[in-house]
Amino acid sequence: MQSAADIRHRAARVNLMVFDVDGVLTDGRLHYGPDGELFKSFHVHDGHGLKLLREAGVAIGLISGRTSAAVEQRARDLRIEHIALGVQDKPAVLDTMMSTVGATTATTGFMGDDWVDLAVMRRVGFAATVPNAANRMREHAHWVATRAGGEGAVRELAEFLLDARGVLQSAFEAHLSSGMAQG
């Protein structure tokens, strides 16, 4: 078991935060329409959390085994530059993202929720998961959200990372009178 101080130190070093999509940015459910189209829902708090991370200088990446027009649109809306959908080899894609942004394993974080994410979680300096993750995921995470995937877990993580960097309060104060749009 790692100490809270060690976990905060790991979080403070993150300059690339990568997320799985289904079960992390969404609740993990797949809704199919009558013509086979897939619907996903995203929580606005998570989007704003991603925006806060980006504003703090943290690069954001998405890696998913599925392809999805909804995820592509959400990423465009949030100005996420590093997106890999339909991925079979998540660690290889992670390596490419790290190289692109100049991150190392120590300065990279990943949030996943299922066994297909374990290879990536074990590779990064800061691994996170959601409380409704698949069995045994928590034992491979440095940090576990209290909010479920698709229900604010990403925002909770964003605030934890910002707090570990010592910039959460200033980010909050910047919003007291700005009226800036959410993500």
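**Exercise 1. Find how many salt bridges the structure holds, then examine the one between D163 and R8.**

*Solution.* Start with the criterion: a side-chain nitrogen of Lys or Arg lies within 4 Å of a carboxyl oxygen of Asp or Glu. By that rule, the structure holds ten salt bridges. Please note that this is a predicted model, where local features need pLDDT of at least 70 and side-chain atom pairs count only at pLDDT 80 or more, while totals for chains, interfaces and linings use all residues. Residues are numbered from 1 along each chain as its sequence is written, and side-chain values use heavy atoms, leaving out hydrogens and water.

Next, take D163 and R8: their closest N and O atoms are 3.1 Å apart. D163 sits in helix α6 (residues 153-165) and R8 in helix α1 (residues 4-12), 155 residues apart. Helices here are DSSP runs of H or I with at least four residues, and strands are runs of E with at least two, numbered from the N terminus.

**Exercise 2. Are D117 and K90 buried or exposed?**

*Solution.* First, the cut-offs: buried means under 20% relative accessible area, exposed over 50%, partly exposed in between (1.4 Å probe, protein chains only). D117, at 0%, is therefore buried, and K90, at 6%, counts as buried too. Finally, look at their contact: D117 and K90 form a salt bridge, with the closest N and O atoms 2.6 Å apart.

**Exercise 3. Which strand order does the open sheet have?**

*Solution.* The six strands run β5-β4-β1-β6-β7-β8, with parallel pairing; a pair needs at least two DSSP bridges. β5 (82-84) and β8 (143-144) each have a single partner strand, so one side of each lacks a neighbour in the sheet.
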